[in-house]
Number of protein chains: 2
Amino acid sequence: MGATMKDIAKRTGLGLATISSYLNGGNVREKNRIKIEEAIKELHFEVNEVARGLKTNRTKTIGIVIPELNNIFFAEIITEAEDILRSHGYATMICDCRSDTEREREAVEFLYHRRVDGLIVMPTGTSDSGFHKFIRAGKPIVMIDRKMKDVCCDCILVDNEGAAEDAVNRLVRAGHSRIGMIAGPEDVYTAKERQRGYEKAVRDNNAASDEGLVARGNYTIAGGAAAMRQLWENNPDMTAVFISNYEMTVGAMMEINDLGIRVPDELSVIGFDNVDFAKASAPRLSIVTQPTAKIAQEAAETLIIKLEGKDRTMDVDHQDVDGERTTVTVTLKTGFVEGRSVRVLNNKV
Amino acid sequence: MGATMKDIAKRTGLGLATISSYLNGGNVREKNRIKIEEAIKELHFEVNEVARGLKTNRTKTIGIVIPELNNIFFAEIITEAEDILRSHGYATMICDCRSDTEREREAVEFLYHRRVDGLIVMPTGTSDSGFHKFIRAGKPIVMIDRKMKDVCCDCILVDNEGAAEDAVNRLVRAGHSRIGMIAGPEDVYTAKERQRGYEKAVRDNNAASDEGLVARGNYTIAGGAAAMRQLWENNPDMTAVFISNYEMTVGAMMEINDLGIRVPDELSVIGFDNVDFAKASAPRLSIVTQPTAKIAQEAAETLIIKLEGKDRTMDVDHQDVDGERTTVTVTLKTGFVEGRSVRVLNNKV
DNA sequence: AGACAAAACCGAAACGTTTCGGTTTATAAA
DNA sequence: TTTATAAACCGAAACGTTTCGGTTTTGTCT
């Protein structure tokens, strides 16, 4: 069907190698360049990336493994990452593993078979899901939101603990001392970190540290709503609450409205993620924000540098010790968007 | 690095063709089967899908082009589609074109270069974004949410007009006659359909059909909030509102709370999509739901049948006229989840 | 014009599969 | 045991690129 390099070599009377050279940015005499370009246009030639991939052993494809695609936090990261990668000529294969460890393993295996050049992972499982295969093959991995000690790769983290701590500190500074938290699932890394941040802030400020002040949602809207209700019913003296992800924030806000709780008069609230929602909320919600675009950018670029840099190792002799993989861990700061959902109980601020 | 078929041929003393046969489910003598399997395990052989793709001219990869990844409706469809496709051995390349026609064109071009076997598209643009190339190459396309007359492909549609009409009819039956609508962007196909449904129902029921009763959001949270406020301020006698997508539903609900409007006492509301949100809402929202899983399933399976069926054309001689492409258009019914957000003003119901 | 270096060009071999015809081996019937 | 038939097996030639080593052309300086 489609024309091949051979066809345009024949058409132009030039050699195969010359066409290849032209296609890869090599030098070609002016008049030949014109001939080639004409032939390409006439025959509708398009380079076969599959054949190229076989020969060069690089598919220009990178795999992304995520826990949930229909979670706005992950979706935002992927949107951005895909954009950047594509602008560098990389295709993206996305695998949603539905927060299931076994599916994660399968996805990694699947992508390995497809010979992707590298991996961006937001790990669900706690153990190596076949990442070692990539490492062994010299294919770079970038992990987001979690570090695994036994996997040697770059990591893009967010200071979850600090973010939670900061949020609680703000509540304390505003004069609150009985502060509730809607926490995420126990087996999710970021959820644990955020809880740790809450606990640290509570401890450091000698605020109330009731068991009952922490309710566990499961990172879903319904979970957040249920947790909010539980918190409200069990803690009549609670004056503020920190909610540790977006979905639960939506749920909690719904429940707050349902219960007729006035924010911030009766209850101060700090939520998580999604500025759009916070702004559209009434009153405007104060929230912790994650730098999703920055995370994606950092991840994509780290990967690309590793990938393209490897070529340079062959051209110029590189200062790196051969085989030595130097990895980088970036921890990004979270942001805070001030709304009107926190009541100031004192005048310290 | 990795072992090839040649290696395991050598190791087992068998021929290349036999190994290939084994790998593709052909028959092999028992003792040879064992030898092969041992060799595969020992040498950690994994078939190179890229080479296979070159030879068979099928990449077992399908491209998905969507307007926005961080839109829960699209995200749900993709999650499901990716799942099904992967379970059939197909990888998925996703391109988010950010509702931009030009980017859509680029994405289609990009995927064509990557030699994907087929395409699932939720078109943004109104014109052919390079789909004809796929058609000409005999590669199937499935379109979601929109039909394009000049592109010959399968379509999975949702009865948007009927959904909107039904929603408004419900409001009418409950005794409402001044019914507002928060509509989507004028240049989005589904938005127009939903508006048409609203208008039809209004007309058929002799309900009020003020210009001012239709406010245009732009399918975003903030847009929905603004539209809600506008509607409320301009229509003091409006008793019900129909909101035509999820993001705007969230926005409108926020604004409703902000304005202190009591639902359903002062205003009846019917929203769109996302059952989770509707359930977590207070009061529980009545919403139109779209069968996202079904859409995805229909799209993925239609594509797979086209893809695998093509093989059969070569094996068995098929009844289809050669080159004749028979396409199918499926229109799926929407659902409705009853909440407590519609007030009954009469006793007809 | 002749000599020389640099730039441009070339064909063939490889990448790891599938597939085509043809050959060997096993199985069953005579 | 022979013979017929089917099932397994085999090597070589593709698929469309890149790359290697070597050859030709071009341009520059005497």
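Predicted model: local features only at pLDDT ≥ 70, side-chain atom pairs only at ≥ 80, totals over all residues.
## Ground rules and the model

Helices here are DSSP runs of H or I with at least four residues, strands are DSSP runs of E with at least two, and both are numbered from the N terminus.

Let us start with DNA strand C, which is surrounded by 26 residues. The closest of these are G15(A), A17(A) and N27(A) from one chain, and M5(B) and N48(B) from the other. Chain A supplies two or more residues to this surface from each of α2 (16-23) and α4 (49-56), while in chain B the elements that do so are α1 (5-12), α2 (16-23) and α4 (49-56). The largest share, five residues, comes from α4(B). Sorted by class, the residues near DNA strand C comprise 12 nonpolar, nine polar and five charged.

Now turn to DNA strand D, which has 26 residues around it. The element that gives the most is α4(A), with five residues. The surface near DNA strand D splits into 12 nonpolar, nine polar and five charged residues.

## Where the chains meet

The contact between the two protein chains draws on 45 residues from chain A and 44 residues from chain B. On the chain B side, the elements with two or more residues in the contact are α4, α5 (72-87), β2 (91-96), α6 (101-113), α10 (221-234), α11 (246-258) and α12 (275-280). Of these, α5(B) gives the most, with eight residues. The chain B side that touches chain A holds 22 nonpolar, 10 polar and 12 charged residues.

## Domains of chain A

The domain assignment divides chain A into three: domain 1 (5-47), domain 2 (57-152 + 292-332) and domain 3 (160-290). The C-alpha centres of domain 2 and domain 3 of chain A are 32 Å apart. Contact between these two domains involves five residues of domain 2 and six residues of domain 3. The domain 2 side of that contact has two nonpolar, one polar and two charged residues.

## The nonpolar core

In soluble globular proteins, nonpolar side chains tend to be buried together. In this model the largest nonpolar core has 185 residues. Those with the most contacts inside the core are I182(A), V241(A) and F242(A), together with I182(B), V241(B) and F242(B).

Setting aside neighbours within four places in sequence, I182(A) is in contact with residues including A215(A), G217(A), G224(A), A227(A), M228(A) and L231(A). Its contacts also include V241(A), I243(A), S244(A), M248(A) and A252(A).

## Strand β8 of chain B

In a regular strand the side chains alternate between the two faces of the sheet. Strand β8 (residues 240-243) of chain B has A240(B) and F242(B) pointing one way, and V241(B) and I243(B) pointing the other way. All four are buried.

Which strands pair with β8(B)? One is β6 (residues 179-183) of chain B, which runs parallel to β8(B) and is joined to it by four bridges. In this pairing M181(B) stands opposite F242(B). Another is β9 (residues 268-272) of chain B, parallel to β8(B) and joined to it by three bridges. Here A240(B) has S268(B) as its bridge partner.

Most residues other than glycine have a negative phi, and most peptide bonds are trans. A few places in this model depart from that pattern. The peptide bond from V263(A) to P264(A) is cis, with omega near 5°, and P264(A) lies in the loop between α11 (246-259) and β9 (268-272) of chain A. In chain B, the bond from V263(B) to P264(B) is also cis, with omega near 5°, and P264(B) sits in the loop between α11 and β9 of that chain.

Two residues other than glycine have a positive phi. Y219(A), with phi near 65°, is found in the loop between β7 (214-216) and α10 (221-234) of chain A. Is Y219(A) buried or exposed? Y219(A) counts as buried because 25 other C-beta atoms lie within 10 Å, and the cut-off for a buried residue is 20 or more. H44(B) has a phi of about 55° and is placed in the loop between α3 (30-43) and α4 of chain B. H44(B) is exposed, because it has 11 other C-beta atoms within 10 Å and the exposed class covers 12 or fewer.

Technical notes: Residues numbered from 1 in each chain as written. Chains lettered and ligands numbered in written order. Near = placed C-beta within 6 Å. Nonpolar A, V, L, I, M, F, W, Y, C, P; charged D, E, K, R; others polar. Contact = placed C-beta atoms within 7 Å. Core = buried A, V, L, I, M, F, W, Y, C linked by C-beta atoms within 7 Å. Domains from an automatic or database assignment. Pairing = 2+ DSSP bridges.
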